[in-house]
Structure formats: C-alpha cells, structure tokens
Amino acid sequence: MCDQHTHDNLDAMLARRGLTRRQFAAMGATTALVACAPAGKAAASDLDERDVAITTADGTADGFFVAPAKGPSPGVIMWPDVAGLRDAYKVMARRLAGAGYAVLVPNPYYRSAKAPILNSLSEWFEPEKQARLKPMMALVDGAATARDATAFATWLDQQSETDSKRGIGVCGYCMGGSHAVRSAAAVPERIKAACSFHGAQLVTGKPDSPNLLMAGTKAHFLFAIGRDDDAKMPEEKAVLRAAAATDRPVEAEVYPADHGWCTLDAPSYDKPQAEKAWGRMLATFEAAL
C-alpha cells in the first residue's frame, strides 16, 4: 500500500523506468504528465470542465468536474489516491470524459484543506508531507466516505451534463479503491459499477470492511491488483471474488505491475499495464451503466 512504501521502494520503482530519484524530481509533475499521458479521443473543445463546490453532511467539498460538451452522459465519481486531487487526476478525468462520461473528481480531504494538497504522488515519499497528510486521512473513515458518496452521487444527478436515467460508475485508486466499494454500498440504487485500481484496505477484518459491504450493492466490480500487493495479501483476490452477490460480476486480476501503476504521476506508473486496466474499466462501465 502507499503508506508502506519507503525510499528504497521508490528507488526500485524508478530503476525499472531507467530513472533516478533526482531525475524524476527534475522532470516535475507537468513534464511527467506530458510524457506519460495517453492521447485522448476528444479534443479540449469537445469537453466542458469546471471547479466545483459540493455541499455535504460535513461541509463543502471542492472538486473538479469534466463532461462531454454534447451530453448528457453517465456520471462517474473518480476517487484519487492518497495524494488527493491534483493535475494527474484532472488529466485522467478528461480522458474518461472523452470516452463519454461526466466525471467528478472530489477532494477527499476537503474537511482539512482545499486541493491540491500534494502536487504529485512522489511528494508522498517526503516525511514532512506525510506528516501533514496523515491527520487529514484519519478524518476520511468509512462512515465519512459513505456520507460523501451520497452527496456526490446526488450532485451528479442534478447536473445537466449527467444522464440521470443511466447508472453511476465509480473508480478509485489506492485508498480510493476502498472508497469506490463503500460508494457502491452507500448508494446502491444509483451506483452500478465500481472499479478499484491497486486498492488499499479492501479486506480489513473489521466489521465495516469493504468486502463485507459488497453483497448489499447492485454494482459490477473490477479489482486490478498490483503484484506487490498480491504478494503481501495473496488471499485477497479470492475473498473479493466471493464477496458480491452471486448475480454480480466480479473481476479480480493481478497485474504484472507495482502498486500505483495506473496513476500518471506515480513513480511506479506502467503505461502498458495501465492501458490494460483502463480498457477493463471502460468495458465494466459499458456493461453496467
């Protein structure tokens, strides 16, 4: 998981890409995004985007919303990884909007500060950045996530760009993977697909563990699991496959890539495997929404 990675992990991940830590830092977040980002199908002129403020039970959440200019389109909530809402997830959201979805990327740490809190995932490896972020993370527990998901789904349905007659999808990365499952459980009548990429805390052994919530949802599930996460919890994929109702499709696959590989600004970003996972997400949304 993200919080278990060390500087040694960072160096090993970068070495697989032929980079040192200094070279990666010198690239900067913007350069890294340009180098990694796949070409989208839609031009910027085909999309409408804006920063948004959403009223929740706990306050006002800031977020980023992007949708096809010619709508309405099915709504998707995109939960970012531990580093939160930033440029990498805006790029990813634009690409998903270009595929025909109205995409909301919330700031999960809105209770503490507006986004961006970190500018890239590589900043998470800096002790002072972790020290700042961890108290914010503690506020985003399962109950808070469920409240937020309800507010975000309601907000999406109220937007003219969203086709509220279609189901809502949700995708999440790292800690956002568990948020995706919790969202499907919180809003079962609206959320019809949940995709987790290198998800964290999916099987915890606690009474509110995300895997225990799956049977009460009405969603199709996709779990894309990193090889290093699988090595630590090899039983997790089988638990997830068995967790949903028998009529609910569940895909759980281990990818030959390391935790974080789907996020554009991650040191472990693996473009071929990220593209495969992206394609599986689109297939899941197409089948369920």
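Trainee: What is the order of the strands in the open sheet?
Mentor: This is a predicted model, to start with. The open sheet has eight strands, in the order β1-β2-β4-β3-β5-β6-β7-β8. The pairing is mixed.

Trainee: Which are the edge strands?
Mentor: β1 (47–56) and β8 (250–255). Each of them pairs on one side only.

Trainee: And how much is the twist from one strand to the next?
Mentor: It averages 20°.

Trainee: Let's look at β8. How many bridges join β7 to it?
Mentor: Six, and the two strands run parallel. β7 covers residues 220–226.

Trainee: Now β3. Is it buried or exposed?
Mentor: β3 spans residues 75–79, and five of the five are buried. The strand is therefore largely enclosed by the rest of the structure.

Trainee: Which residues point which way there?
Mentor: G75, I77 and W79 go one way, V76 and M78 the other. Residues on both sides are buried.

Trainee: Why that pattern?
Mentor: Because side chains in a regular strand alternate between the two faces of the sheet.

Trainee: How many bridges join β3 to β4?
Mentor: Three, with the strands running parallel. β4 is residues 102–106.

Trainee: What does P80 touch?
Mentor: Leaving out residues up to four places away in sequence, it touches L85, Y89, V105, P106, P108, Y173, M175 and G176. C174 is worth a look too. P80 and C174 are 94 residues apart in sequence, yet their C-alpha atoms are 7.6 Å apart.

Trainee: On to helices. Which strands does α5 lie across?
Mentor: β1, β2 (59–68), β3, β4 and β5 (168–173). α5 is residues 142–157, and it runs at about 130° to β1.

Trainee: And which strands does α10 touch?
Mentor: α10 packs on the sheet against β3, β5, β6 (191–197), β7 and β8. Its direction makes about 170° with that of β6.

Trainee: How do α3 and α10 cross?
Mentor: At roughly 45°, with the axes coming within 12 Å. α3 is residues 87–98 and α10 is residues 271–288. The two helices are therefore oblique to each other. The crossing is right-handed.

Trainee: Which residues make that contact?
Mentor: M92, R95 and L96 come from α3. From α10 you have E275, W278, M281, L282 and F285. By class, that is six nonpolar, no polar and two charged residues.

Trainee: Back to α5. At what angle does it pack with α6?
Mentor: About 60°, with the axes 8 Å apart. α6 is residues 175–186. That angle makes α5 oblique to α6. The crossing of this pair is right-handed.

Trainee: Which residues make the contact of α5 with α6?
Mentor: On α5, G142, T145, A146, A149 and T150. On α6, H179, R182, S183 and A186.

Trainee: What's the makeup by class?
Mentor: Three nonpolar, five polar and one charged for α5 with α6. For α3 with α10, recall, it was six nonpolar, no polar and two charged.

Conventions: Residues numbered from 1 in each chain as written. Predicted model: local features only at pLDDT ≥ 70, side-chain atom pairs only at ≥ 80, totals over all residues. Heavy atoms only, no water. Axes fitted to C-alpha atoms, helices over the stretch in contact; angles between N-to-C directions. Helix = DSSP H or I, 4+ residues; strand = E, 2+ residues; numbered from the N terminus. Parallel < 35°, antiparallel > 145°, perpendicular 65-115°, else oblique. Left-handed = near helix turned anticlockwise from the far one by under 90°. Contact = heavy atoms within 4.5 Å. Nonpolar A, V, L, I, M, F, W, Y, C, P; charged D, E, K, R; others polar. Buried < 20%, exposed > 50% of the residue type's maximum accessible area, 1.4 Å probe, protein only. Pairing = 2+ DSSP bridges.
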